[in-house]
Amino acid sequence: MKVLVTAKRVVDYNVNIRVLSDNSGVDLNNVKMSVNPFDEIAIEEAVRLKEAGKADEVVVVSIGPGSAQEQIRTALALGADRGILVETDVDVQPLGIAKALKAIVDKEQPGLIITGKQAIDGDNNQTGQMLAALCGLSQATFASELELGDGTATVTREVDGGLETISVKLPAVVTTDLRLNEPRYASLPNIMKAKKKPIDTFTPEDLGVDVTPRVTTLKVSPPAERQAGIIVETVEELVDKLKNEAKVIS
Amino acid sequence: MSILVVAEHDNESIKAPTLVTVAAAQAIGGDIEVLVAGSGCGAAGEAASKIAGVSKVLVADNAAYDHAVAENVAALIAEIGGNYSHILAPTTSAGKNFMPRAAALLDVAQISDISGVVSEDTFERPIYAGNAIATVQSSDAIKVITVRGTAFDGVAAEGGSAAVESLDSVQDTGLTTWEKEEIVKLDRPELTAASIIISGGRGMQNGENFSLLETVADKLGAAIGASRAAVDAGFVPNDMQVGQTGKIVAPDLYIAVGISGAIQHLAGMKDSKVIVAINKDEDAPIFQVADYGLVADLFKAVPELDGML
Ligand SMILES: Cc1cc2nc3c(=O)[nH]c(=O)nc-3n(C[C@H](O)[C@H](O)[C@H](O)COP(=O)(O)OP(=O)(O)OC[C@H]3O[C@@H](n4cnc5c(N)ncnc54)[C@H](O)[C@@H]3O)c2cc1C
Ligand SMILES: Nc1ncnc2c1ncn2[C@@H]1O[C@H](COP(=O)(O)O)[C@@H](O)[C@H]1O
C-alpha cells in the first residue's frame, strides 16, 4: 500500500511572531521555517507503517513556494521515499490546497492519506476534511491511534469529551493529533540519503486546479495586550486579592 | 438573508456552544434557523425551538446522524446549504470535523473559529496561536463559519418559540462506522463552561498529584485543565488540554499551577478575566500574563491555598 503524507512549510513553533506595522501580515523575514508539527507526526506514522511492513511506499507532498523543498527534504530524511512539490507563490487557502492534493491523489492512488489536523500558522483545521470530501473518501480526524485492517482502519480520535473509536473504509484521510506518536529526529546519514531521493515538481496549472483564494485578508493586527500584573508574596495575600480586589472568589 | 446554525447537542439537550453560535449569527443579522441532526434527537429539537432569536428548527432524526458522523452530517448540510447565506457551527470537535467537509462539498471556503463579526462578509479570527488577529473578507456566496466558544455571549436558551420541521432526507454514505467512546464522566463543570478553572502542568510531576488541584477545584466549583506536557506525560486525559490545539477557555478566574506559559498554552487561556500563576521559577513566561503571580513551590502553596478556602 502507498501512503500519501503532507508537509506544510510553516514558521517554527518556537518563534515569537511579530505583526508588521502596516498591518499587512506577520514578519516572515529571517524567521526559522519548519515542517508543521502535526505533519511531522503524520510522516512518522507513515514511516512506522512502512517499517512494520504495512505500507510499501511513503510519498510526501507540499504545496508552497520553491523553498518548501526544504520541508520535503526533511520528510525524506525522516523516511519518506519521494516527494512532490506543487509550486506556487500564491498563499493558497485550505480549499485550494485540498484541490491540489486531490489532483495528486488521483495521480498516485494511495491506500491511505495522512495529514496534520491543523497548520500552526493559519490554525484553520480544514484541509484533511476538505480533501476527504473532494475525493469522496472517509475521514478520521484528530487521530491518537491508528490500526490498519483489511480494507478498513480503526482510529481512536481525540474529541471534546475524551476518546472515540471509529472504523473507516480505506482509502481514507486521517488527520493527526498530538498523541498519535512521538516523531523521531533525522539522523545525519538519513539526511545525506535524502538528498538523493526524487522530488517531482508541478504547478497548480499543470494539475489543472484553480487555487485562487476566496478569502481576502484585509488586515492583521496584534492581539489586545494584557495589563502587567503583580507578584504576591504569600498565599494569604493571593487569597485576599482574589476575594477583595478581583472579587472572583467569595 | 437566512443563516443556518448547526446545533451541538446530545440528542436530549442543546449544548452551550450552540447558544454562542446563535449570538454570532445575530451579529451577522438575518433570519436564523437551527439544524439538529442526530438519532432520537426529538427532545434536542424541542429544546432548540426555545432558543431566543431562532425562527425555525430543522430536525434530521436518523441513525445515520448518530454521533455526528462527519461524512453523513456534512452531506446533509451540503444538501440544504444552498438555501442559506451563512452556515455556522461551534468550534467543537464535532463542528471542526464536519464543517470543512460540508464547505468543500459546497465548493466554498471555510472561515474557522471566528472571534468577531465586522459585517456580513467580514470576520475576525485569531491566527498564529492568537498572536495575531486577521480580518478576513469572503467572496463566496455561502459563508461557512465556525465560531469560537469564548468570543460571544450566548443567547438565552429559553424564550423563543420557533417552528419545528422534520427533514426526511437521509444521507448515509456508509463510509464510517462509529464503534465506541471513552467519555470522561465529570462531577465538575465542563472546561469550556466553567467560570473558574485550575490547571496543572508538568510541574505536577504525576497524575496522583492532580488530587491537590481537585480539592481546591471542589471548593471553588472549578473545572480542572492541563497543559499539553501534562497530557502527553499521561498525568491526565486529552480532553483536559487547554491551548492552541486543545480547548480555548476564558473563565472569570484561571489558576495555572506548574505551567511555564508556552505560547501554545497561552493561546487557550489568555482571554481569561483574571489569571493566577503559581510557579517556582520567577522567570516563567506565565507571569507575563498573570494578574497575580506567586513564586512558590506548588507542593507547599496549593495545600496552603486549599486550607484558606
Ligand atoms: C504543535 C504544538 C501544539 C501545542 N499545543 C499545545 C496546547 O494546546 N496546550 C499546551 O499547553 N501546550 C501545547 N503545546 C506545548 C507547549 O509548547 C509546551 O511544551 C507546553 O505547554 C509545556 O507545558 P508545561 O508548561 O506544563 O511544561 P513546562 O514547560 O515543562 O513547564 C513546567 C513548569 O512547572 C514549573 N514547576 C516545576 N516544578 C514546580 C514546583 N514544584 N512548583 C511550582 N512550579 C513548578 C517549572 O518552573 C516550569 O515553569 C504545543 C506544542 C506544539 C509544538
Ligand atoms: N501548503 C500545504 N502543503 C502541504 N500540506 C498542507 C498545506 N496546507 C495544509 N496542509 C495539510 O493540511 C493540514 C491542516 O492544515 P490547515 O487546514 O491549514 O490547518 C496540515 O497539517 C497539512 O498536513
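Let me start with strand 1 and strand 4 (residues 57-64) of chain A, which run parallel and are joined by five bridges; strands here are DSSP runs of E with at least two residues, helices are runs of H or I with at least four, both numbered from the N terminus, and two strands pair if DSSP finds at least two bridges between them. Within this pairing, Leu4(A) stands opposite Val59(A) of strand 4. Strand 1 of chain A also pairs with strand 6 (residues 112-116) of chain A, again in the parallel sense, over three bridges, and there Val5(A) stands opposite Ile114(A).

Before I go on, please keep in mind that this is a predicted model, in which local features need pLDDT of at least 70 and side-chain atom pairs count only at pLDDT 80 or more, while totals for chains, interfaces and linings use all residues. Residues are numbered from 1 along each chain as its sequence is written, chains are lettered from A and ligands numbered from 1 in the order in which they are written, and side-chain values use heavy atoms, with hydrogens and water left out.

Is strand 1 of chain A mostly covered or uncovered? Strand 1, residues 2-6, is mostly covered, with five of its five residues buried, where buried means under 20% relative accessible area, exposed means over 50%, and partly exposed is in between, using a 1.4 Å probe and protein chains only. Lys2(A), Leu4(A) and Thr6(A) are buried on one side of the strand, and Val3(A) and Val5(A) are buried on the other.

That brings me to ligand 2, which is surrounded by 18 residues, the closest being Thr6(A), Asp39(A), Ile63(A), Ala119(A) and Asn125(A); a residue counts as near if one of its heavy atoms lies within 4 Å. Strand 4 and strand 6 of chain A each supply at least two residues of this shell, and strand 4 gives the largest share, three residues. For polar contacts, meaning pairs of N or O atoms within 3.5 Å, a backbone N or O atom of Ile63(A) lies 2.7 Å from a nitrogen atom of ligand 2, and a polar backbone atom of Gly116(A) is 2.9 Å from an oxygen atom of the ligand. The protein buries 98% of the 480 Å² that ligand 2 exposes when taken alone, with areas from the Shrake-Rupley method and a 1.4 Å probe.

Now to ligand 1, which lies between chains A and B. Of the 29 residues around ligand 1, the nearest are Arg202(B), Ser227(B), Gln241(B), Ser260(B) and Asn279(B). Its oxygen atoms include one that is 2.9 Å from a polar backbone atom of Arg228(B) and one that is 3.0 Å from a polar backbone atom of Gly258(B), while a polar side-chain atom of Thr245(B) lies 2.8 Å from a nitrogen atom of ligand 1. On its own ligand 1 has 990 Å² of accessible area, of which the protein covers 86%. The elements giving two or more residues to this shell are helix 1 (37-51) of chain A and, from chain B, helix 6 (228-232), helix 7 (263-269) and helix 8 (298-308).

Finally, a loop position: Gly149(B) lies between strand 9 (143-147) and strand 10 (163-166) of chain B, and counts as partly exposed because its relative accessibility is 46%. The C-alpha atom of Gly149(B) is 9.2 Å from that of Leu19(B), although the two are 130 residues apart along the chain.

Notes:
Polar contact = N/O pair within 3.5 Å; in protein donor to acceptor, adjacent residues only side chain to side chain.
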